[in-house]
Amino acid sequence: MPNTSDSIFALSSGTLPAGVAVVRMSGPKSFQALAALTADVPPPRQAMLRALRGQTGDVIDHGLVVTFPAPHSFTGEDCVELHLHGSRAVFARISQELSLLGLRLAEAGEFSRRAFENGKIDLVEVEGLADLISAETEMQRKLAVEQGFGGQSQLYMDWARRLTHARALIEAELDFVDEDDIPGSVSDRVWADVAALSAEMTRHIAAAKTGEIIRDGYKVVIAGPPNAGKSSLLNALAQRDVAIVTDIAGTTRDVLHVDLDLNGFLVRVFDTAGIRDTDDIVEREGVRRAITAIDQADLVIQLQEIDSPPQQDKLQGLPEVLNVGTKVDICGQAQRFDLCISVVTGEGLDQLRGEITARLKQHWTGFSVPSRERHISHLREATEFIKEALAGHHLDLRSESLRAAASALGRITGRVDVEQLLDVIFSQFCVGK
Ligand SMILES: Nc1nc2c(ncn2[C@@H]2O[C@H](COP(=O)(O)OP(=O)(O)OP(=O)(O)O)[C@@H](O)[C@H]2O)c(=O)[nH]1
Ligand SMILES: [K+]
Ligand SMILES: [Mg+2]
């Protein structure tokens, strides 16, 4: 682990050259370094235009400087931002000067790590911010905002609090079992609430598919016999020449994919080899890969040339299949397909995009969903402990299971200290008064 008492700096904006480069500093030497560069430390959170000079007195650049005194900064430490002209030479020279002033280049994620360690953000927020920075679609951005600014953390904290509250009531019953003023029926109410919470958590875990679709994309596989027009469709959807198209059956062998943005959703479309029996070793490997891709799909677009004889439905039993007839420009419409398309005239393509979006939205449960495997595994752990608590016989063991469940939830944000919560809750109700 890097030394956290060091003062650090980094280029926080994108690749150089650029119009503006933002250099961020954090740590006890930040203000000193700013004073050395500009002979000034301006008031907090106000952008000031300053000349920045090196130790030899020459002007390196003119730029805006902003100070964020601890604890009111991203990391919770003294922070400074320098908004400089975005050239490699300016950044190289500023780096050199900052090193001379006793700062070092930050390691990957070090600013966020300090923010976490200083209690400015929790783990879910750290992950959400990373997702926000890498978001490419509108839905990825929205999910990241939900996670990155405390919405999701609040949900998990509330659940941990409810479990701990239940436990506090049960402990009270254990401690004051001889006293008359703790009625035994309190525990019925407590367990009913725990059961309701368990159902809520189970629904939440079941919505993980939404998170997966937003983050990793909705996986659509184009399948069908050779020459059905699979690669032509991939190219039409991508609006560029991604896959080789010829009139030779068995052209495609590798699985190719393109990423589309449909209504703000990431949709990953795969083109596959036409499925048929063949002696060609290369094509046979292509068919094997096609079958693997189909197995992993969220939606299979099963293509068939409209004029070809109806196929035995080999894709039965798959999660979702859309039957699409191709080459409607030369064949004409046919009833037996969900829809018919032509990549020559573009007929049916908008309808197909709409249908993909509609199928995707069937999985849609909103943005309050677990978005990472890490969260899901802690959530599962928590629900297992709750089940134990609900099924148990000895009150003290059941209470212990509730504690373990709340701790598992606490590990998602990395913040909830269950014992501390218990103190807070106990201080709120006055047993035996
Ligand atoms: N008229 C017409 N021809 C099409 C259409 N779609 C594809 N074709 C033609 O059909 C032939 C096969 O197209 P591909 O896209 O290579 O078919 P494929 O399903 O990828 O074939 P394999 O990779 O060999 O399995 C090519 O000659 C295409 O130009 C269409 O909508 N209309
Ligand atoms: K072909
Ligand atoms: Mg092909």
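Biologist: How many bridges join strand E2 to strand E5, and do they run parallel or antiparallel?

Modeller: In this predicted model, strand E2 (residues 18-26) and strand E5 (residues 79-86) run antiparallel and are joined by eight bridges.

Biologist: Which residue of E5 stands opposite serine 26, and what is the bridge partner of alanine 18?

Modeller: Serine 26 stands opposite cysteine 79 in E5, while alanine 18 has glycine 86 of E5 as its bridge partner.

Biologist: And how do E4 and E5 pair?

Modeller: E4 and E5 pair in the antiparallel sense, over five bridges, and within E4 (59-68) you can look at valine 66, which stands opposite glutamate 81 in E5.

Biologist: What is the strand order in the open sheet that holds E2 and E5?

Modeller: The order is E3-E4-E5-E2-E1-E6, an open sheet of six strands with mixed pairing. Its edge strands are E3 (48-53) and E6 (104-105), each of which pairs on one side only.

Biologist: Which helix lies across E2, E3, E4 and E5?

Modeller: That is helix H1, residues 30-38, which lies across those four strands and runs at about 80 degrees to E3.

Biologist: How many residues of E9 are buried?

Modeller: Six of the seven residues of E9 are buried, so the strand is mostly covered.

Biologist: What does E9 pair with, and in which sense?

Modeller: Strand E8 (residues 256-262) runs antiparallel to E9 and is joined to it by seven bridges, whereas strand E7 (residues 218-223) pairs with E9 in the parallel sense over five bridges. For individual pairs, leucine 262 stands opposite phenylalanine 265 in E9, and tyrosine 218 has valine 267 of E9 as its bridge partner.

Biologist: Which residue in the hairpin of E8 and E9 takes a positive phi?

Modeller: Asparagine 263 does, with a phi near 50 degrees, in a hairpin that has two residues between the strands.

Biologist: And how does E7 pair with E10?

Modeller: E7 and strand E10 (residues 299-305) pair in the parallel sense over four bridges, and one pair to look at is alanine 223 with its bridge partner in E10, glutamine 302.

Biologist: On to the helices. Which residues of H5 are buried, and what covers them?

Modeller: Helix H5 (residues 138-148) has Met139, Gln140, Leu143, Ala144, Glu146, Gln147 and Gly148 as its buried residues. What covers them includes H4, helix H6 (151-175), helix H8 (208-216) and strand E9 (265-271). Just after H5, glycine 150 takes a positive phi of about 95 degrees.

Biologist: Where is valine 126, and why does it count as buried?

Modeller: Valine 126 is found in helix H4, residues 123-134, and it counts as buried because it has 20 C-beta neighbours inside 10 Å, with 20 or more being the cut-off for a buried residue. Leaving aside its neighbours within four places in sequence, valine 126 is in contact with Ser112, Phe116 and Ile121.

Biologist: How are H13 and H14 packed?

Modeller: Helix H13 (residues 373-391) and helix H14 (residues 395-413) pack with their axes 8 Å apart, at an angle of about 170 degrees, and H13 and H14 are therefore roughly antiparallel to each other. The residues making the contact include His375, His378, Phe385 and Ile386 of H13, and Leu402, Ala405, Leu409 and Ile412 of H14. By class, the contact has 10 nonpolar, three polar and four charged residues.

Biologist: Last topic, ligand 1: how many residues surround it, and which are the closest?

Modeller: There are 23 residues surrounding ligand 1, and the closest are Gly229, Ser231, Ser232, Thr252 and Gly274.

Biologist: Which helix gives the most to that shell, and what classes of residue are in it?

Modeller: H9 gives the most, with three residues; H9 (230-238) and helix H11 (328-331) each supply at least two. By class, the shell around ligand 1 has eight nonpolar, 11 polar and four charged residues.

Conventions: Residues are numbered from 1 along each chain as its sequence is written. Chains are lettered from A and ligands numbered from 1 in the order in which they are written. This is a predicted model: local features need pLDDT of at least 70, side-chain atom pairs count only at pLDDT 80 or more; totals for chains, interfaces and linings use all residues. A residue is near a molecule or strand if its C-beta atom, placed from the backbone, lies within 6 Å of it. Ala, Val, Leu, Ile, Met, Phe, Trp, Tyr, Cys and Pro count as nonpolar, Asp, Glu, Lys and Arg as charged, and the others, Gly among them, as polar. A residue is buried if 20 or more other C-beta atoms lie within 10 Å of its own, exposed if 12 or fewer, and partly exposed in between; C-beta atoms are placed from the backbone. Two residues are in contact if their C-beta atoms, placed from the backbone, lie within 7 Å. Axes are lines fitted to C-alpha atoms, for helices over the stretch in contact, and angles run from 0 to 180 degrees between N-to-C directions. Angles under 35 degrees count as roughly parallel, over 145 as roughly antiparallel, 65 to 115 as roughly perpendicular and the rest as oblique. Two strands pair if DSSP finds at least two bridges between them.
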